Amino acid sequence: MPASLLPLTNWVPKLTLTAVIDIVVVAFLIYQLILVVKGTRAAQVLLGLGVLLLVYAVAVWAGLELLVAILAAAAPYTAIAVIVLFQAEIRRALARIGRRRWLGLGGSLQRRESADDILLALGRMAQQKIGALIALERDTGLRTFVESGVALNANLSRDLLLSIFQPGGALHDGAVIVQGDRVAAAACFLPLSMNPWLARKLGTRHRAAVGITEEADCLALVVSEETGRISLAAFGELESDVSLSRVAERLAKHFGRKRREDREPALREPGWDAGTVDAGERSQGAGPR
């Protein structure tokens, strides 16, 4: 090795196993941070903070003492500002970490209510163009949102769901929250997603479905009262214009249950036209309320 390169090699630290682990963990945390802020207003805030850091570095290099003094005086308040600006994102990140099933833990919390009743209700409401919003709780509790509505604590059934969302009913507006095989509450208020990447023509129900899945690991099901199309949301992402078979597939995947291959044929009722809900192309982030 040339003698001129010896000082450089002495300056570069040795790559040990501990250093590799350290780099991997930091890279993982940065990746999770990107996932949390991706597609949200927080990404723009981070970009603004990056611009300020760049301005500070340029000011130090150019010797702009007044600008450096102003930015240095504001630096101690940056931590508080970050907590205030990113409170929703921080809460979402901590919830994501807490709901992960580390080493298989949490696998016992699986869904036991009848998915058939939900699918039958969705099919009927889609056919009759009855607007509906159903949030299915998984590991993260939805007690805060349950308390915002009318407590029911009733057995889950197709007839109950159809009665709740019947137009003109007292509980028609708002969301139904399902916990296990029980309907916990109806007419619940859910947080609306502020994701700027969602289509502007999305209605309140669709934005509420995305919003609740940004806060918790639940699965939200929506029926549009204008088109009768079914949409589902999970982990802050909306899948629009889905069929009942797709809903059954997502239920099985989201709650870790084995799907019966003959589920959909068993769901057909006399006079029910499956084409009204099974037809159509799947699209992301589209569809009116």
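Visitor: Which residues are buried in H11?
Guide: In H11, the buried residues are Leu244, Arg246, Val247, Ala248, Arg250, Leu251, Ala252 and His254, where buried means under 20% relative accessible area, exposed means over 50%, and partly exposed lies in between, using a 1.4 Å probe and protein chains only. Helices (H or I, at least four residues) and strands (E, at least two) are DSSP runs, numbered from the N terminus.

Visitor: And what kind of model is this?
Guide: This is a predicted model, in which local features need pLDDT of at least 70 and side-chain atom pairs count only at pLDDT 80 or more, while totals for chains, interfaces and linings use all residues. Residues are numbered from 1 along each chain as its sequence is written, and side-chain values use heavy atoms, with hydrogens and water left out.

Visitor: Back to H11, why is it largely enclosed?
Guide: Eight of the eleven residues of H11 are buried, so the rest of the structure largely encloses this helix.

Visitor: How many residues are in the largest nonpolar core?
Guide: That core has 32 residues, and those with the most contacts inside it are Leu122, Met125, Leu136, Leu221 and Val247; a nonpolar core is a set of buried Ala, Val, Leu, Ile, Met, Phe, Trp, Tyr and Cys residues joined through side-chain atoms within 4.5 Å. Among the elements that give two or more residues to this core are helix H7 (115-128), strand S6 (230-234) and helix H11 (244-254), and H7 gives the most, with seven residues.

Visitor: What is leucine 122 in contact with?
Guide: Leaving aside neighbours within four places in sequence, leucine 122 is in contact with Ile134, Leu221, Val223, Ile230, Leu244 and Val247, where contact means heavy atoms within 4.5 Å.

Visitor: New topic: which way do the residues of S6 point?
Guide: Ile230, Leu232 and Ala234 point one way from S6, whereas Ser231 and Ala233 point the other way, and all are buried. In a regular strand, side chains alternate between the two faces of the sheet.

Visitor: How many bridges join S5 to S6?
Guide: Five bridges join S5 to S6, and these strands run antiparallel, with valine 222 having serine 231 in S6 as its bridge partner. Two strands pair if DSSP finds at least two bridges between them.

Visitor: And S6 to S7, how many there?
Guide: Four bridges join S6 to strand S7 (residues 237-242), again running antiparallel. The hairpin of S6 and S7 has two residues between the strands, and phenylalanine 235 in the turn has a positive phi of about 55°.
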